[in-house]
Each structure stands twice: as C-alpha cells, then as structure tokens.
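Dear colleague,

I am passing on the structure below, together with some notes on what was found in it. Please read them with the structure open beside you.

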Amino acid sequence: MAKTAFEESVARPSAATGKNYNRVSRTFYRAVHDIISGKDDVAKELADLERRLERDVKAK
C-alpha cells in the first residue's frame, strides 16, 4: 500500500510555483473556503481561481 501511494505521488506545487508557492497556496485556500461556505457560485469561483492562479504563478 505504501509503495502504491509513493508510486502515484506527485511533486508539491512548489516545483511549478517556485518562490510564489505561498501566494498560490493562499489563493487556492481562499477559493476553496468561499466555495465550501457558499459565498460564491462554484463555476464563477473556479473561473476566478484559474485567473488568479495564473497571475500568482507569474508574479515576480
């Protein structure tokens, strides 16, 4: 079981986000929180999340 979990694991998003990992993590957390709490429409929030994540990954 542990072997399967290891074989199917993926790198942390920090491999893709580099120094912006904290920013991306915070953006993702807020979007998930807003969806779960019913603050916003799921489709709208996911579209906004995609835009924000692209911005965060490119931030200098």
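A patch here is made of residues with over 30% relative accessible area and no salt bridge, where like charges are joined within 9 Å and nonpolar side chains (Val, Leu, Ile, Met, Phe, Trp, Tyr) within 5 Å; a salt bridge is a side-chain nitrogen of Lys or Arg within 4 Å of a carboxyl oxygen of Asp or Glu, and accessible areas come from the Shrake-Rupley method with a 1.4 Å probe, with only the protein chains shown counting as cover for residues. The model is a predicted one, in which local features need pLDDT of at least 70 and side-chain atom pairs count only at pLDDT 80 or more, while totals for chains, interfaces and linings use all residues. Residues are numbered from 1 along each chain as its sequence is written, and side-chain values use heavy atoms, leaving out hydrogens and water.

On the surface, Phe28, Val32 and Ile36 form a nonpolar patch with about 300 Å² of accessible area together. Isoleucine 36 lies in helix 3 (helices, H or I of at least four residues, are DSSP runs numbered from the N terminus) and is exposed, with a relative accessible area of 70%; exposed means over 50%, buried under 20%, and partly exposed in between (1.4 Å probe, protein chains only).

The buried residues of helix 3 are Val24, Thr27, Ala31 and Asp34. Asn22, Tyr29 and Ile36 are exposed on the other side of helix 3. Arginine 26, also placed in helix 3, is partly exposed, at 42% relative accessible area. After helix 3 comes glycine 38, whose phi is positive, near 75°.

Best regards

Key
Helices (H or I, at least four residues) and strands (E, at least two) are DSSP runs, numbered from the N terminus.
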